[in-house]
Amino acid sequence: MTQALSYQTDEKVQKNRWWILVAVGLFTFMSTLDGTIVNIALPVISKNLNISMSQSEWVVSLYLIVVCSFILFFGKLSDLHGKIKIFRLGAIFFIAGSLLSGFRVNLVFLLVSRAIQAFGAAMTMATNNGIITEIFPSTERGKALGTIGSFVALGSIAGPGLGGLILSHLSWSYIFWLNVPVGIIAAIIGAIFLPKDITFTNAVLDKKGSFGFALGMITLFGGVFLGQQLGFTSVPVLSMLIIGLISFIWFVYTENHTTNPLLQFNLFKNPDFSVSLLCALLIFITNFFFNVVTPFYLENALHLAPSQAGIILMILPVVQLFAAPVAGTLSDKIGPKLITFIGLVLLLVSQIGYSLCNLHSSIWLFIISIAIMGLGSGIFSSPNNSLVMSSVEQKDLGVAGSINSLSRNLGMVIGISSATTILFAAMSHAKGARVTEYLPKQPEIFIYGMHVVFIISMIICLITVVLSGWRLFKKDEKAAK
């Protein structure tokens, strides 16, 4: 029996394509979730392992740094040797890392376990969009990628709420151990329904470029997170930032002087590809501005109970969960560019709403803004993923998917690392003295800082609207001619 030349002409694969989506989606959810769910457990982990809070923060930072450092490498490796093979291997690493992370030994053991977990997450994130794009026909691709977008949304936003629920009944170990049974179920579904790889390029892997990119990511973002603890003028931090800058310069030089580069810069000549990636990066930055600032506003400024704040914040992923597949289906029918533009406009409106919130405004203004943000995120994410993945050739699907995931993870890292910096810098400006925490007796100082954060977020969203509108207008202009 001969194997089909394409998954889309393979009857068995098409019959099982929705099961494949479930397996891929579950790992997408878990790998994204583990970038945020640990935050709420840091005080407990710090006390249990007898370490400082600044040390415990590396449990979160290291995971994101490792994912960003290796996701591009695994995307390229999957193009060379098969996306499904890399995805399956990543699932094993992720489950093993999750199991090890739950054992309360010491900080070093936990960090090594988290690195293993992140290593697996990078493999699954790098290949998920490529697998779905290869398997689903173009008439259903937007809907399928929209479903993956829903899993990403749930994972990136639901972490604090789900983590708090687990900690209220169980030890922090179960934040990691939750992944084990779910991962095993997803792996079994994948083992049954995922087909063998049929797409290979068999080119030589760009080892120099891979090393340069990973070194740059590790030293640059490691330096940023370390700088928040030691100060950005300390010798170790400055050294890491300089090494990171040199590494990226070397990476760019290497990629322009090798036959089979890790990253082909000519991919960015396609406006659909480059604009979509830039918009994804910017929107994830604003998402994590929101994640960092809003708990302060709800719990400290408005004095809501954590349970009440959690319910309000869960509005966003719930709305996005339903909006993303619908938007994906619509993008299959009328094209993704208009829908992407509408989603970005809604996101801009939500940031305007947040910037109007204060100590005396109705809570409904905030709730409505959250709902609009969830709707906008869901409408934006699905067609944007479709634009990225449909704008490259089949041989580049792996690296395109990994770049897409990288843009999201970079947005998470940049958003997390810069949100508090902007917030406390603005609060310091308002007070006329250095501020590094919420001031209970001066909530108006926080409101000033929050407004600055959301004004910057609003400007970022406006940039994405202009970029997306330019692309849409350019298309319509060509059609008119």
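**Close-ups of a pocket and a surface patch**

**View 1. What lines the second largest pocket.** By class, 16 nonpolar and two polar residues line the second largest pocket, with no charged ones. Here Ala, Val, Leu, Ile, Met, Phe, Trp, Tyr, Cys and Pro count as nonpolar, Asp, Glu, Lys and Arg as charged, and the others, Gly among them, as polar. This is a predicted model, so local features need pLDDT of at least 70 and side-chain atom pairs pLDDT 80 or more, while totals for chains, interfaces and linings use all residues. Numbering runs from 1 along each chain as its sequence is written, and side-chain values use heavy atoms, leaving out hydrogens and water.

View 2. Closest to its centre, out of 18 lining residues, are F268, L281, I403, L406 and L410. (A pocket is an open set of points on a 1 Å grid where a 1.4 Å probe fits, with protein on both sides within 12 Å along at least five of seven lines; lining residues have an atom within 4 Å of a point. The volume is the space filled by probe spheres set on the points.) Helix α19 (397-431) gives the most to this lining, with five residues. Helices are DSSP runs (H or I, at least four residues), numbered from the N terminus.

**View 3. A nonpolar patch on the surface.** V326, L330, I334, L338 and I342 together have about 430 Å² of accessible area (Shrake-Rupley, 1.4 Å probe). Helix α16 gives the most, three residues.

Conventions:
Helices (H or I, at least four residues) and strands (E, at least two) are DSSP runs, numbered from the N terminus. Patches are made of residues with over 30% relative accessible area and no salt bridge: like charges are joined within 9 Å, nonpolar side chains (Val, Leu, Ile, Met, Phe, Trp, Tyr) within 5 Å. A salt bridge is a side-chain nitrogen of Lys or Arg within 4 Å of a carboxyl oxygen of Asp or Glu.
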